[in-house]
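Work through the exercises below with the model open. Each task is followed by a stepwise solution.

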Amino acid sequence: MGSMTFASPVELWPTSSPDDFQSAIRAVYKQVLGNPHVMDSERLTIAESQLGDRSFSVRDFVRAVGKSEFYRARYFEACAPYRFVELNFMHFLGRPPQSQAEVSEHIIRCIEQGYDAEIDSYLDSDEYQSSFGESIVPYNRGAKTEVGQ
């Protein structure tokens, strides 16, 4: 992964310090919400403390942010379906969608299975697992990423 010059992944380890956890929380908010400075009323304090006491993995925390009322209101309710799916790819997989078919599949899932299933589909994907696993905060991997087709 030495070719990644624009983003150094934030990863939590069993030995990570409280400061590391705060950095990871900020990194998740920045990546998923597009803003590292969320207002206190928007913070997911329960999920943050679950990450801090290690009952949540980074992936669990990302999922909680993706399913939050704030994310839903800001992206799902405020954007057209195409844009919502496009943003989900950027926020959760760190890349833009690579085809119209990829977008359509997600729009259909969202309509047929609902919002939570749409968010889960990114976090439970092989791509997410192989790119970020349980402990790396998603980051922008650019348009050049390989997708296991």
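**Exercise 1.** Find how helix 4 and helix 5 pack: at what angle, and with their axes how far apart?

Solution. Helix 4 and helix 5 pack at about 130 degrees, with axes 10 Å apart. Axes are lines fitted to C-alpha atoms over the stretch in contact, and angles run from 0 to 180 degrees between N-to-C directions. Helix 4 is therefore oblique to helix 5; angles under 35 degrees count as roughly parallel, over 145 as roughly antiparallel, 65 to 115 as roughly perpendicular, the rest as oblique. Next, the residues: helix 4 contributes Tyr71, Tyr75 and Phe76, and helix 5 contributes Phe84, Leu87, Asn88, His91 and Phe92. Contact means heavy atoms within 4.5 Å. These residues divide into six nonpolar, two polar and no charged.

The model is predicted: local features need pLDDT of at least 70, side-chain atom pairs pLDDT 80 or more, while totals for chains, interfaces and linings use all residues. Residues are numbered from 1 along each chain as its sequence is written, and side-chain values use heavy atoms, without hydrogens and water.

**Exercise 2.** Which residues have the most contacts inside the largest nonpolar core?

Solution. They are Val28, Phe61, Val62 and Tyr71, in a core of 36 residues. Such a core joins buried Ala, Val, Leu, Ile, Met, Phe, Trp, Tyr and Cys through side-chain atoms within 4.5 Å. Helix 1 gives the most, eight residues.

**Exercise 3.** Is Ser16 buried or exposed?

Solution. Ser16 has a relative accessible area of 8%, so it is buried (under 20%; exposed is over 50%, partly exposed in between, with a 1.4 Å probe and protein chains only). Its side chain reaches the backbone nitrogen of Trp13 at 2.7 Å.

Notes
Helices (H or I, at least four residues) and strands (E, at least two) are DSSP runs, numbered from the N terminus. A polar contact is a pair of N or O atoms within 3.5 Å; within protein, one must be able to donate a hydrogen and the other to accept it, and residues adjacent in sequence count only if both atoms are side-chain atoms. Ala, Val, Leu, Ile, Met, Phe, Trp, Tyr, Cys and Pro count as nonpolar, Asp, Glu, Lys and Arg as charged, and the others, Gly among them, as polar.
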